[in-house]
Amino acid sequence: MIALRVAWITMRELIFERVFYLLLTFAVLALGFSLLLGQLTYAEQAKITLDFLLAAVEVSMVLFSIFMGIGLFKRELLLGSVAMVLSKPISRSSFLIGKYIGQVAIQFAVMFCMLLVTLAIQSSFHGDSSVLSVIQAVGLIFLEVLVLTAMAYFFAVNAGTITAAIVTLCLFAVGHMRESLVYHYNISISRSWIWPVIMSLIPDLEIFNMKTIASYGYTLDWIQLFWAVVYSFCCAAFFLFIACVCFANKDIAT
Amino acid sequence: MTSNEFPFDISLTDVSKTYPLGLWKKKEAVRGVSFAVPRGEVVGLLGPNGSGKSTILKMSLGFIRPTAGEILVCGHPPSERQSRAFVGYLPENPRFQKFLSAKEVLFYYGTLCRLEKSELSKRVDELLDLVGLSDARAERIAGFSKGMVQRLAMAQALLSRPRILLFDEPMSGLDPLGRLELRRLIGRIHEEMPEATIFFSSHVLSDVEQLCASVILLSKGELKNFCRIDELLGGRSEAYEVTARGLPAEHSTTWGKRIRRSPLGETWSIEGTDELLAALNDLKTMGAQVVGVFSQRASLEQKLFGKTSVQEARTPEGVLL
């Protein structure tokens, strides 16, 4: 209940943020640019446009997760407004989870709008892709956003603004290359024990990538989707849990 | 022991706090501080910048964990969420979400205090009246002056009718009128909630002198003194300053000692109440107009720093009485 109240205020706060409108502008430009790039291709215009559109949705949402989440949370700590909230009989976890829910809710709304735009553009091309495959692809990006936002909060609690943003971005990149990194480890001669430990801590974000599949009009079966949902929730819960533990033990000297 | 059975609202036992400064260096902000604030007192936490005032307040709220020692707020450690149910906090620089109105801010913080909606609505109206923001209830915080934000922050601190009010430099950054308003407000809160303990930090001696019954003196993180203001200032004074004008050109007085002449008139220093009454009678007979009679009780500032230079006053010995 308290977390939901914090979430509601966070949502309203984000709507009044300048960075929100900057990122929104970026999202609109990215969609427009994808449409333009798709037109430049010789063949498979519909497929390539959709691929670019989905990539634009993903990149925009990644930037939303990282810059809005970290920026908002850090600013609360630096300006001291967090002290006013935490002086009330609420737990730090409620505050953090409330912030997370509020941000994710706003991201959901933005993604929904982007999905509608993508579907509208896709229908104008009459390509192979189906509405369901586009919805699935955007849905999986949302699941990825849940994990990334939780990661961003974890690093925001434990590091400075720039460090947290860089590390989260790096983990986003590594998370998408995880499979090939594991492959290279398996065929390498000198194997260090630390490598598998590190790789097991990095979530496999490729699970949420079905952009190419969607552009060919294929869909995932419900079991695959179910496991993607479970995996996303588990990863997000893990990062949020350790973020809450760290935040509960952190000195707030604002 | 329940919170009502616990005799002190805030108690610190041998509390220390060390902050890391980089990898190797450390700074001891608070060193072995022990005191207990009895219920219903207005206590000032006094000391120069960097003396550990804010650190003590933040440790009492659970924002910062002490490196050593024990803190109890109404019998609960500050790390327990329950301890904050008894506390209202006003930070040095309160910040609110600027897009919210005064009423929305109080509703938000009231919900965090778990107040019922019907009760909260009544309480918000009461508090906006108390802090003089009834007319600005629907205005956004973005348009508020610093004084208005400070008064709104005071209102949010009072929402849950707390037993302890912790104010961290409440007058910081306010103009003289804002300070006066806030001082009057704190006085009014104490009158209306006599059972509430008000514990506030300040480095402005006159604020502490006018508001507090007791004072805790800190210097370089150490407790130097915890006593009643009256004891510190030496109780009632028998010395007065009398200023009068319209005296005849040639006049002589048998009482007091003339200490200055100003556009307001002539000022005498007088020892003892009998001599004061004689002087006032004499002045009336001479047809003079008495402009002012002031008690010459030493101020807290004179008591603390009267004999020391600014540099000395910043050292532990300077603040030590």
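## Sheets and interface of chain B

In chain B, four strands form an open sheet in the order β11-β12-β10-β13, with antiparallel pairing. Strands are DSSP runs (E, at least two residues), as are helices (H or I, at least four residues), and both are numbered from the N terminus. Two strands pair if DSSP finds at least two bridges between them. The edges are β11 (257-262) and β13 (289-295) of chain B, each pairing on one side only. Neighbouring strands of this sheet are turned by 20° against each other on average, direction ignored. Axes are lines fitted to C-alpha atoms, for helices over the stretch in contact, and angles run from 0 to 180 degrees between N-to-C directions.

This is a predicted model, where local features need pLDDT of at least 70, side-chain atom pairs count only at pLDDT 80 or more, and totals for chains, interfaces and linings use all residues. Residues are numbered from 1 along each chain as its sequence is written, chains are lettered from A and ligands numbered from 1 in the order in which they are written, and side-chain values use heavy atoms, with hydrogens and water left out.

**The six-stranded sheet**

A second open sheet of chain B has six strands in the order β5-β6-β7-β3-β8-β9, with mixed pairing. Its edges are β5 and β9 (222-228) of chain B; each has a single partner strand, so one side of each is left without a neighbour in the sheet. The twist averages 15° from one strand to the next.

**Strand pairs and helices**

| Strand pair (chain B) | Bridges | One partner pair |
|---|---|---|
| β10 (239-245) and β12 (265-271) | six bridges | Y240(B) and I270(B) |
| β8 (214-219) and β9 (222-228) | six bridges | I216(B) and F226(B) |
| β1 (8-21) and β2 (25-38) | 10 bridges | I10(B) and V37(B) |

The hairpin of β1(B) and β2(B) has three residues between the strands. There, G22(B) takes a positive phi near 75°.

Helix α8 (273-285) of chain B lies across β10, β12 and β13 of chain B, at about 5° to β10(B).

**Contact with chain A**

Contact means heavy atoms within 4.5 Å. Chain B gives 30 residues to it and chain A gives 27 residues. The two chains bury about 2800 Å² between them, 60% of it on carbon and sulfur atoms. Buried area is the accessible area (1.4 Å probe) that two parts lose on being put together, summed over both. F63(B), F99(B) and L112(B) supply 25% of the area that chain B buries against chain A, more than any other three residues.

Two salt bridges cross the interface (side-chain nitrogen of Lys or Arg within 4 Å of a carboxyl oxygen of Asp or Glu). One salt bridge joins the side chains of K17(B) and D251(A), at 2.6 Å, N to O.

Which elements of chain B give two or more residues to the side that touches chain A? They are α1 (53-61), β5 (87-90), α2 (102-112) and α4 (146-158) of chain B. The largest share, five residues, comes from α2(B). This side of chain B divides into 17 nonpolar, four polar and nine charged residues. Here Ala, Val, Leu, Ile, Met, Phe, Trp, Tyr, Cys and Pro count as nonpolar, Asp, Glu, Lys and Arg as charged, and the others, Gly among them, as polar.
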